[in-house]
Amino acid sequence: MSWIVGQAIINGLLAGGIYALISTGVTIIFGVMKMINFAMGEFLMIGMYMTWIGYAVFGGNGYTQVLFAIAAMVVTAYVCFRLTIEKLLGRSSTAYILMTVGLSFFLQNLMQIIFGPNYKTIPSSINTQSIYVGEYSISVPKLIAFICALVLIFVISEIMNRTSLGRVMRATAEKTNVAEMLGIDTKRTFTIAFIMGIVLAGIAGLLLTPIYDIKPTAGTIFKSTALMIVVLGGEGSIKGAFICGMFVGLVEQLVATFISPDLGPAAIFVFFLLVVYFRPQGLFGQRRRTV
């Protein structure tokens, strides 16, 4: 029994790292722009396809395509921002929701038209490798994804808290009109925040290519989970996204191991509903002041 519990905890933490990375991207966009991006899963899926294109052109394995994938995601994010999100700046959150939901369907169908419905893979000897710590098995691709996610979240946290760019983004998030009066180019800040969030989703997609098949619907499950984690952690809280991402991975894995694999996602929904009922601002969010 102790081995089963230990292995489930290891698998849960490894999955939680990827959840936390995707959620951090959602959190940055929401925290700065006050925009919920319902197309985040599709940007993760595009990151997987960009990695596959890099592999088809340059060879190697998925991890060696990181620079190509980042460059491709920067271009993708910038084009999507200029063609869709930029035109909605200053409008209600409903406009963002409708636009990103439509964008998610568009991107998913666009990838299906270009690459077809059949899944693609990036073969590599790393895909099936595991290391053993005592009696416990740790998948090498999941461990790499977990370590990369921790490093990226730390870097993003440092940028937000210790750099001038982070201060500009926090000022814009606090009061956009006041930031503009202080001379901050808020439109440029929104663009940077959107690109940062999408690049994180793309890197998460790259890290998932040794674990999951590449197909147009690959990002669907991650999209809903990431949105729930952002709400659980508190809107705009990177610390909350990280801790809740890890916790959600644990809950999902423990329920899947001891009750049923099909009930893992259901357990996340139940936990989400309980938190929203008793603490609507999230576990690490601040309650909004009202006059």
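Student: Which residue follows H4, and what is its phi like?
Tutor: Glycine 116 follows H4, and its phi is positive, near 85 degrees. Helices here are DSSP runs of H or I, at least four residues, numbered from the N terminus. Keep in mind that this is a predicted model, where local features need pLDDT of at least 70, side-chain atom pairs count only at pLDDT 80 or more, and totals for chains, interfaces and linings use all residues. Residues are numbered from 1 along each chain as its sequence is written, and side-chain values use heavy atoms, with hydrogens and water left out.

Student: Okay, which residues of H4 are buried?
Tutor: Tyr96, Thr100, Leu103, Ser104, Leu107, Met111 and Phe115. Buried means under 20% relative accessible area, exposed is over 50%, and partly exposed is in between (1.4 Å probe, protein chains only).

Student: And what do they pack against?
Tutor: Helix H1 (2–33), helix H2 (40–58) and helix H9 (220–233). Contact there means heavy atoms within 4.5 Å.

Student: New topic: how many aromatic pairs are there?
Tutor: The structure holds nine. Rings of Phe, Tyr and Trp (its six-membered ring) pair if their centres lie within 6.5 Å; planes under 30 degrees apart are stacked, over 60 edge-to-face, and the rest tilted. One of them is tyrosine 49 with phenylalanine 115, stacked at 4.4 Å centre to centre with 15 degrees between the planes. Tyrosine 49 is in helix H2 and phenylalanine 115 in helix H4, 66 residues apart.

Student: Is tyrosine 49 buried or exposed, and phenylalanine 115?
Tutor: Both are buried. Phenylalanine 115 also pairs edge-to-face with tryptophan 52, at 5.9 Å centre to centre and 90 degrees between the planes.

Definitions and conventions
Helices (H or I, at least four residues) and strands (E, at least two) are DSSP runs, numbered from the N terminus.
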